[in-house]
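User: I'd like to learn how to read a protein structure, one feature after another. Could you walk me through this one?

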Amino acid sequence: MNHIVREYEEEFSTTCAEITVLCGKLKHASTAEVSRELEVSLDGLLHDAEETLEQVEIEAPNLDQPAREKVQGRIVSYRKELDRLKGVYKSCKQDAEERNARMELFSQNTDFGENKETDLLLDNSEILESSGRQLEAGRRLLKETEDIGAGVLSDLSTQRESLERSRGRLRDVETGLGESSAVLSKMLFRARQNKLVLYLVSVVVLIGVLAGIYYLIT
């Protein structure tokens, strides 16, 4: 069960990374057509991320308590990250629409070349700032992904130690059962020996008694 949850978590992290990259591209989209293609892709990725997170939430209650508590803690972070990405997407989409509108207006009004150049410079400055923000978001997501990987490795190590301890206890139990069986076998053997000796003594006594009675009679 744990490996299923880990696979969903890794899939969610990968999808979030793709969303971050595409949001940056949407912010810098040069045409309305490119913007629409990116929006379609982002809508699909956000939908996939939402479904993957729901699968993690469904599988979490089936885990043992220590693993369940860790996963539920990470689910809270995943939900916040997904909400943040939705906000980033909405902002980038709005910026792209405004930028495309300005570019369309510039293409229709070629007489304002100087103002167009100035606005394009401003756009480039906005693009650089947005790139910086997207890069920082990508770094943060990478750090969270690394933390998730470290948590998964820690869980695997703990589970391995638990399995080793269980195997050790099982070996001890098997050894104890073997020793108990040997002792029980010896006890049964001795009981049979004592029973046989008792029978022999009883026969000898009976013979002696019968012999004594015979001599008394004769």
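**Reading the features, step by step**

Analyst: Let's start with R84, which is partly exposed, with a relative accessible area of 24%. Keep in mind that this is a predicted model.

User: Why does R84 count as partly exposed?

Analyst: Buried means under 20% relative accessible area and exposed means over 50%, with partly exposed in between. R84 has 24%, so partly exposed is the label. E81, at 6%, counts as buried.

User: What do the side chains of R84 and E81 do?

Analyst: First the general idea: side chains of opposite charge can pair when their charged atoms come close. Here, R84 and E81 meet in a salt bridge, 2.7 Å from N to O. The two sit 3 residues apart in helix α3, which puts about one helical turn between them.

User: How many salt bridges are there?

Analyst: The count comes to 7. One of them joins R79 and E50, again at 2.7 Å from N to O. R79 lies in helix α3 and E50 in helix α2, so this pair ties together parts that are 29 residues apart in sequence.

User: Which salt bridge does R79 form with E57, and where do the two lie?

Analyst: The closest N and O atoms of R79 and E57 are 3.1 Å apart. E57 lies in helix α2 and R79 in helix α3, so the parts tied together are 22 residues apart in sequence. You can also see a network of salt bridges that links E50, E57, R79 and K86.

User: Are R79, E50 and E57 buried or partly exposed?

Analyst: R79 counts as partly exposed at 24% relative accessibility, and E57 is partly exposed too, at 32%. E50, at 19%, counts as buried.

User: What about aromatic rings? How many pairs does a search of the whole structure find?

Analyst: The search finds 1 aromatic pair. For the angle, planes under 30 degrees apart count as stacked, over 60 as edge-to-face and the rest as tilted. The ring centres of F12 and Y78 are 5.0 Å apart and their planes are at 45°, so the pair is tilted. F12 belongs to helix α1 (residues 2–27) and Y78 to helix α3 (residues 65–108), so the pair ties together parts that are 66 residues apart in sequence. F12 is buried at 2% relative accessibility, and Y78 is buried at 5%.

User: Which residues does I148 touch?

Analyst: Not counting residues up to four places away in sequence, I148 touches S13, R74 and Y78. I148 is found in helix α4 (residues 113–217) and counts as buried at 11% relative accessibility. I148 and S13 are 135 residues apart along the chain, yet their C-alpha atoms are separated by 9.1 Å.

User: How should I read the largest nonpolar core?

Analyst: In soluble globular proteins, nonpolar side chains tend to be buried together. The largest nonpolar core here has 30 residues, and F12, I19, C23, L26, L42 and V71 touch the most other members. Helices α1, α2 (32–59), α3 and α4 each supply at least two residues, with α3 giving the most, 10 residues. Leaving aside its neighbours within four places in sequence, V71 is in contact with V5, V56, A60 and L63.

User: Which residues form a nonpolar patch on the surface?

Analyst: V197, V201, V205, L206, V209, L210, I213 and I217 do, with about 740 Å² of accessible area together. Among them, V201 is in helix α4 and is partly exposed, with a relative accessible area of 46%.

Conventions:
Residues are numbered from 1 along each chain as its sequence is written. This is a predicted model: local features need pLDDT of at least 70, side-chain atom pairs count only at pLDDT 80 or more; totals for chains, interfaces and linings use all residues. Side-chain values use heavy atoms; hydrogens and water are left out. Rings of Phe, Tyr and Trp (its six-membered ring) pair if their centres lie within 6.5 Å; planes under 30 degrees apart count as stacked, over 60 as edge-to-face and the rest as tilted. Helices (H or I, at least four residues) and strands (E, at least two) are DSSP runs, numbered from the N terminus. Buried means under 20% relative accessible area, exposed over 50%, partly exposed in between (1.4 Å probe, protein chains only). Contact means heavy atoms within 4.5 Å. A nonpolar core is a set of buried Ala, Val, Leu, Ile, Met, Phe, Trp, Tyr and Cys residues joined through side-chain atoms within 4.5 Å. Patches are made of residues with over 30% relative accessible area and no salt bridge: like charges are joined within 9 Å, nonpolar side chains (Val, Leu, Ile, Met, Phe, Trp, Tyr) within 5 Å. Accessible areas come from the Shrake-Rupley method with a 1.4 Å probe; for residues, only the protein chains shown count as cover. A salt bridge is a side-chain nitrogen of Lys or Arg within 4 Å of a carboxyl oxygen of Asp or Glu.
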